[in-house]
Amino acid sequence: MNILLKNRLLTTIVALCFLSLFSNCRKETFFTESASLTFDTDTVYFDTVFTRLPGTSYPRSINKQFVVRNPYNEFIKTNIKLSGGTSSSYRMNVDGISTRDIKDLEIRPKDSIFIFVECTLEPNNQTQPAIVQDSIIFVTNDNIQTVQLAAYGWDAYYYRDSVLPCNTVWDKTDKPYVVVQSVAVNVDCNLEIKPGVNVYSSGDSRFYVFGTLKVNGTKDKPVLFRADRLDPRFDDVQGQWIGMHFTRFSKNSELNYAIIKNAIIGVRVDSLSVNGQEKLTMRNSIIQNCSNIGLLGVTADIKAENNLIHNCGSYTFLGYYGGNYNLRHNTFLISSSRDPHFAFNNIQLDENDNFVKDYSISYNVQNCIVSGSSDEEMLFDISSGNLPTAANIENNLLKTEIEALKSNGNIVSNFPLSTLFKEPNSYDFSLAPNSPAINKGIILTPPINRDILDFPRDGMPDIGAYEYAP
């Protein structure tokens, strides 16, 4: 071995041995006087959590955390435990250790640790959320400190992997309905949902309709479909559950005054009508905050009137592989995508973009608003060999550069959302006082006499789901 290299190696080994010896001999000193840790919160609060589905560990709350700091210049030892012990509804993880009681935990000088907390709450047999409390106790040099834990537990009517009996009615409003791992309306069966019902879904669940679904909400008591995370920070988070799926066997379904939010695909409708009527009629409803598509028709028959669909990751509306679509007095809005969000398609391609098949398509779009942040918000992917059997786009307010749409009473311009609507940043899409959509619609046949808020439309109706009201 080279002499120089040998000397360097020897020097390195000696230095490492010296550092190891020094480290092993160094004495850690602990603060032993009366001591108080500091916390970045005095209460960990979980808002509302559904109580446990019997026989499962579902649902678990979200995971919350807080910081514990050692304010001293010396090491400190502390004992940490859940006050409720093994019977506590809460669980904690202390700096990577899952525990209910940990002793002599060392915290380095001027350093901190993280404590993570979650809970699973037992049924309380009450109709309103009931508070469940506990605390985490810290004993440091005989000084006792606590951080409080609090959550509201809410009982529910649970449906887990359920096929509903025929002619089921959901009409209870004292507690919500919670769907775990999907629910289905069977072929040739009906489910009616009455005003004011709230339906929550777990993250992996879907609402299947093989038969007929009738959602009969009202303006003051809409029917809500959303994910089961109740903490306020999840209110507008996209993609928390799969969505509603009307299958090829479904027929005569209706959504009236429904709110569908935070899904992957809000509403999907498959296949053409089996009885000459629309597979789905949707009125006075809102679809929002979907990570992929708001309303998807796959070779479907859909009628949609007085609806608001907004803030979706890819499309607010997509008529895919053809179908028949009658869209009147709707508002379609998006601000996050750079691509068109309102589209019709009747061409099927393979994975290499080679033509496979084209499908029959027809569409009628009247008195609708299609707008957003891109220069082009509309897409027509239509086969030249299978043109629409009917294609009427009339008296709409559109953000598009497609020349053929700059006629037939359509208003085509780059209006900012703040010009069109009162408070678009707060999801208030009622028309602003000087909105160009006011009085620019036509009276339809059959007429739509009232808007999404049940206000009467006058002899010069406004474009979109909302009639202007000062």
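Strands and helices here are DSSP runs, strands being E with at least two residues and helices H or I with at least four, numbered from the N terminus. The peptide bond from Thr445 to Pro446 is cis, with omega near -5 degrees. There is a cis bond from Tyr58 to Pro59 as well, with omega near -10 degrees, and Pro59 lies in the loop between S2 and strand S3 (64-69). For context, most peptide bonds are trans, and most residues other than glycine have a negative phi.

A word on the source. This is a predicted model, in which local features need pLDDT of at least 70 and side-chain atom pairs count only at pLDDT 80 or more, while totals for chains, interfaces and linings use all residues. Residues are numbered from 1 along each chain as its sequence is written, and side-chain values use heavy atoms, with hydrogens and water left out.

Now the chain as a whole. It has 39 strands and 2 helices. Its radius of gyration is 30 Å, well over the 23 Å that the globule rule gives for 470 residues, so the chain is more spread out than a compact globule. That radius is taken over C-alpha atoms, and the rule is 2.2 Å times the number of residues to the power 0.38. Along the principal axes, the C-alpha atoms fill a box of roughly 90 × 70 × 45 Å. Of the 470 residues, 49% count as buried; buried means under 20% relative accessible area, exposed over 50%, and partly exposed in between, with a 1.4 Å probe and protein chains only. Among contacts (heavy atoms within 4.5 Å) between residues at least 6 apart in sequence, 62% join residues at least 24 apart.

Next, the aromatics. How many aromatic pairs does the structure hold? The structure holds 32. Rings of Phe, Tyr and Trp (its six-membered ring) pair if their centres lie within 6.5 Å; planes under 30 degrees apart count as stacked, over 60 as edge-to-face and the rest as tilted. Phe46 and Tyr90 form a tilted pair, 6.0 Å centre to centre with 45 degrees between the planes. Phe46 is in strand S2 (residues 43-50) and Tyr90 in strand S5 (residues 90-94), 44 residues apart. Both Phe46 and Tyr90 are buried.

Phe344 and Phe380 are also tilted, because their ring centres are 5.8 Å apart and their planes at 35 degrees. Phe344 sits in strand S29 (residues 342-345) and Phe380 in strand S34, 36 residues apart. Phe344 is buried at 0% relative accessibility, whereas Phe380 is partly exposed at 25%.

Lastly, some loop residues. Ser374 is in the loop between strand S33 (369-372) and strand S34 (378-381), and is buried at 8% relative accessibility. Beyond its neighbours within four places in sequence, Ser374 is in contact with Ser337, Arg338, Asp339 and Lys399.

Two asparagines have a positive phi. Asn141, at about 50 degrees, is in the loop between strand S9 (130-140) and strand S10 (143-154), and is partly exposed at 25% relative accessibility. Asn395, also at about 50 degrees, is in the loop between strand S35 (390-394) and strand S36 (397-398). Is Asn395 buried or exposed? Asn395 is buried, with a relative accessible area of 12%.
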